[in-house]
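Here are my notes on the model you sent.

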Amino acid sequence: MTNFVLEARAISRTFGEVKALDEVSLGLEPGKVLALLGQSGSGKSTLLRVLAGLETIQSGQVFANGLLVSDTNFVMPPEKRPLGMVFQDFALFPHLTTLANVAFGLRDTNPAQRRALASKWLEQVGLRDRASAYPHELSGGEQQRVALARALAPEPKAILMDEPFSGLDPHLRLELQTSMLKTLREAGVAALIVSHDTQEALGVADNVAILEKGRIVQSGLPRAVYQAPKSLEAARALGPLWTLSACANNGRVETPVGGFETALVGPVRLCARPEATSFTRKQTGSFVVTDVRGVGRFVTISLNAITDPATHITALCQAASAPKIGDKVDVQVEAADAFVFRA
Amino acid sequence: MITSDGLDLQDTDASYTGATLGYTTLVRRQHSRVKGWVLLAFVMAIPGLPVLFALAAACQPSASFSHIVDWLLTDMVWTTVKLAVISTCGACMIGVVAAWLVTAYDFWGRGLLSWTLALPLAMPAYVAAYAWGDLTGSRGFYVAVLVYITTLYPYVYLAARSAFEAQSVCALEAARLLGAGPLTRFFKIALPLARPAIGAGAALMGLEIAADFGAADHLGLSTLTTGIFKAWFSFGDLAAAARLAALLLLGVIILVCLERANRSGRVGGGASSWRSLVRVKLKGVWHGFASLGCIALLSFALIVPIGHLILLAIANGLPERSLLQPIASTAFLCILGASATLITASLSAFLAQNGKRVKACVHVASLAGYATPGAVTALGILAALTFGGHHFVAALSGPVAIFGLTYAYVARFSAAGLEPISAGLERCTRSMLEAAATLGANNWQRFLRLEAPLAVPSVFAAALIIAVEIAKELPATTLLRPFGIDTLAVRAHAYAADERLGAAAWPALAIVGLALIPTVWFSHRLSKSRAGQK
């Protein structure tokens, strides 16, 4: 039995007709970051709110530190749970200074002690000199760091973050992810990050779980999920992907990019990632280049099958060796990089 | 498809804050539901009861009503309607043009004028009536129109200005690219978009005119409101007064319905992409016109009447009867009335958080109290306190009268307190409450450490507005004040009625000075905060 700090066992929650959560189970390990991926409406925020005690459940159980905190007829209120939460809008208290915001959750009776602890946390997130500023005087990135410090200051066992980096500049986002990760590791806190942005989640996650229509479709190490997605949705959740339709029989599927083995029979979808798609220029090639995009070292090539213009795939290649629009190419995908799913 | 965000929003709508805030809050809400309905009924009854009593009194036999119908009624109704229509139309033209000038154009003094043009809100119509009646040396209809336009145009001005500022500049720029000149842009785009707001401002102004007693009385006009006073004080006939009050109420209801109808077909101001308007710098003659026009408006509304009253006051010297007693009475009634009103408004604001329907009920109740003319509310209370009012009573006995007067203030001014307090409570968002909960704060701590401190500034603001409204109030105070208690407004009106304007100027100026404090503050703040900002 793993020692999960926070664990959900087969929890379900419906809103009217909609199943927001359907038998969801997951666990957070100390010092590890779990990224919860999924599109808007997949139930990510609801799951987070259930774990925090802000939402009730209709079946299942939630355990914090091995203690039952939520089931069908009992919800331990959020203020009693050993959890911190960072809200999407940060929810800083506008009438309190940065320092007072961070000190809000501290229970030490001695005010001087509280102030000292709070400023220690502010220093941790690099905002010591902003202690007396009010939230409206802070930039977005600074507000995010104050929210993180505020959630961590009472030393929770686990911290829940709802889209913490959405709405921030890309470069600021990277900087914050790095500093946040460092802070979390040092504090040894388990973290759950909800995101619809793959790159953001993969940048910080030790484990990922993919939520689709209220169900967890796959979870595990990011690399493992990336290399062996169990569904089209799971594959899509972890990065760009192209797909094409085909028909499988006799254990094989034949496509314009080659033949692949599969156990499926009937209509299927073959998919692969642009970076795993290679091509060679050839006058008799079966694909034509329709577009070349990008300015960096790598560019994205759009390709259409000559026989079937509806078959559209993309590939990445070095800018120096990029083909021109109208060039004809042959496309190859390694068997290990191609995923076949039921259509 | 419903996104999770969509679901969250639905939850928020169903119950404004704390609805899903875990088990304890859920329990608390169910527990308080019964008490909540009692409270809601109480809040809604406050403006309703006096009206019911007034209507009941109207059903009593009346000795003088047939006389009033034969000789006075047509004139009263006609004068009231004419006054309201002509003054409101005039103020609409002036207010809208001034608002458009300060939002769309740049000219000398624009920054200062844009907020000082709202200051005449601090000028009670009766004070302006003393000044203009004396200055023009005449009384009557047209002086009254001048008085109403110059004191009440800020309702239209403020509504129009905020509507213009909230409009998306994109629509105006698109019109410009399509070849529309400045006049076309104003009449085809800006004005139609602002119509509902301007209508609301005009309706407020109409309500004020219908309810006005002081100015109409001083200028010798026979309106429905002055008729109520005449029926009560001259004929001693409560039933006749109540019938006139019912008629006035009917007019007010028609006005409110017209305003509602004007709102339909309302279109959004294009909040999707809001950008602030780049003001066009006016050139040459137009620059002069704009500056001088706005300055002239402000002079007519504020500078000339105040200046004249100051001159009168100095020429007269301090009135022989000390003003200490009216100042003390005003302060006493302000503190008592404002406290009672604040408590009711805070209760209403908390109640309003319990869902959309409750919120709508609470708002309708407070707005109904505000829209009911002071004379009608006061008459209803008078009827209730004199047990049907078969006998004329010159003045109610002290404590009863003070209770009645406080009740009238609560009914009339709860709306003025509800808006800012609700806004203050809404500063505390659901995610803030949830954040506080995850940080270990329980229900009670969340209220003390988060909700209360966030709402305190707006509660203070509300207290100030209500106190000033009470200090300015004349009709209800005149009808309900206990014997021997004069407020500044009552004293000023008594002096003015005796043609002792020099003496009236002192309390009148005191009221204006008091009212200017919050008006300056709010007007200044309002012009700084722009649409698209919180």
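**Notes on the model**

1. Helices H4(A) and H5(A) are roughly parallel to each other, a label given to angles under 35 degrees, whereas over 145 is roughly antiparallel, 65 to 115 roughly perpendicular and the rest oblique. Helix H4 spans residues 140–152 of chain A and helix H5 residues 170–187 of chain A; they pack at an angle of about 15°, with their axes 11 Å apart. Axes here are lines fitted to C-alpha atoms, for helices over the stretch in contact, and angles run from 0 to 180 degrees between N-to-C directions. H4(A) passes H5(A) in a right-handed crossing (right-handed if the near helix is turned clockwise from the far one by less than a right angle, left-handed if anticlockwise).

2. On conventions: this is a predicted model, in which local features need pLDDT of at least 70 and side-chain atom pairs count only at pLDDT 80 or more, while totals for chains, interfaces and linings use all residues. Residues are numbered from 1 along each chain as its sequence is written, chains are lettered from A and ligands numbered from 1 in the order in which they are written, and side-chain values use heavy atoms, with hydrogens and water left out.

3. Chain A as a whole has 8 helices and 20 strands, where helices (H or I, at least four residues) and strands (E, at least two) are DSSP runs numbered from the N terminus. Its C-alpha atoms fill a box of roughly 80 × 45 × 35 Å along the principal axes. Of the 343 residues of chain A, 52% count as buried; buried means under 20% relative accessible area, exposed over 50%, and partly exposed in between (1.4 Å probe, protein chains only).

4. How many salt bridges are there over all chains? The count is 22, with a salt bridge taken as a side-chain nitrogen of Lys or Arg within 4 Å of a carboxyl oxygen of Asp or Glu. One of them joins Glu7(A) and Arg9(A) at 3.3 Å, N to O. Glu7(A) is buried at 13% relative accessible area, and Arg9(A) is partly exposed at 32%. Another joins Asp22(A) to Lys19(A) at 3.7 Å, N to O. Here Asp22(A) is buried at 12% relative accessibility, while Lys19(A) is partly exposed at 48%.

5. Arg281(A) and Asp327(A) also form a salt bridge, with the closest N and O atoms 3.8 Å apart. This pair links distant parts of the chain, 46 residues apart: Arg281(A) is in strand E15 (residues 277–281) of chain A, and Asp327(A) is in the loop between strand E18 (312–318) and strand E19 (328–333) of chain A. Arg281(A) is partly exposed, at 48% relative accessibility.

6. One network of salt bridges links Arg13(A), Arg49(A) and Glu55(A) with Glu434(B).

7. The structure holds 17 aromatic pairs over all chains. Rings of Phe, Tyr and Trp (its six-membered ring) pair if their centres lie within 6.5 Å; planes under 30 degrees apart count as stacked, over 60 as edge-to-face and the rest as tilted. The rings of Phe339(A) and Phe341(A) are tilted because their planes stand at 35°, with centres 6.5 Å apart. Phe339(A) is buried at 10% relative accessibility, and Phe341(A) is buried at 10%.

8. In chain B, Phe164(B) and Phe186(B) make a tilted pair, 6.3 Å centre to centre with 55° between the planes. Phe164(B) belongs to helix H8 (residues 141–166) of chain B and Phe186(B) to helix H10 (residues 182–211) of chain B, so the pair ties together parts 22 residues apart in sequence. Both Phe164(B) and Phe186(B) are buried.

9. Arg273(A) lies over the face of Tyr226(A), 4.3 Å from the ring centre. Lys82(B) lies over the face of Phe141(B), at 4.7 Å from the ring centre.

10. Helix H12 (residues 224–234) of chain B is mostly covered, with 8 of its 11 residues buried. Among them are Leu224(B), Ile228(B), Phe229(B) and Trp232(B). Gly236(B), with a positive phi near 60°, follows H12(B).

Definitions and conventions:
A charge sits over a ring if NZ of Lys or CZ of Arg is within 6 Å of the ring centre and within 35 degrees of the ring normal.
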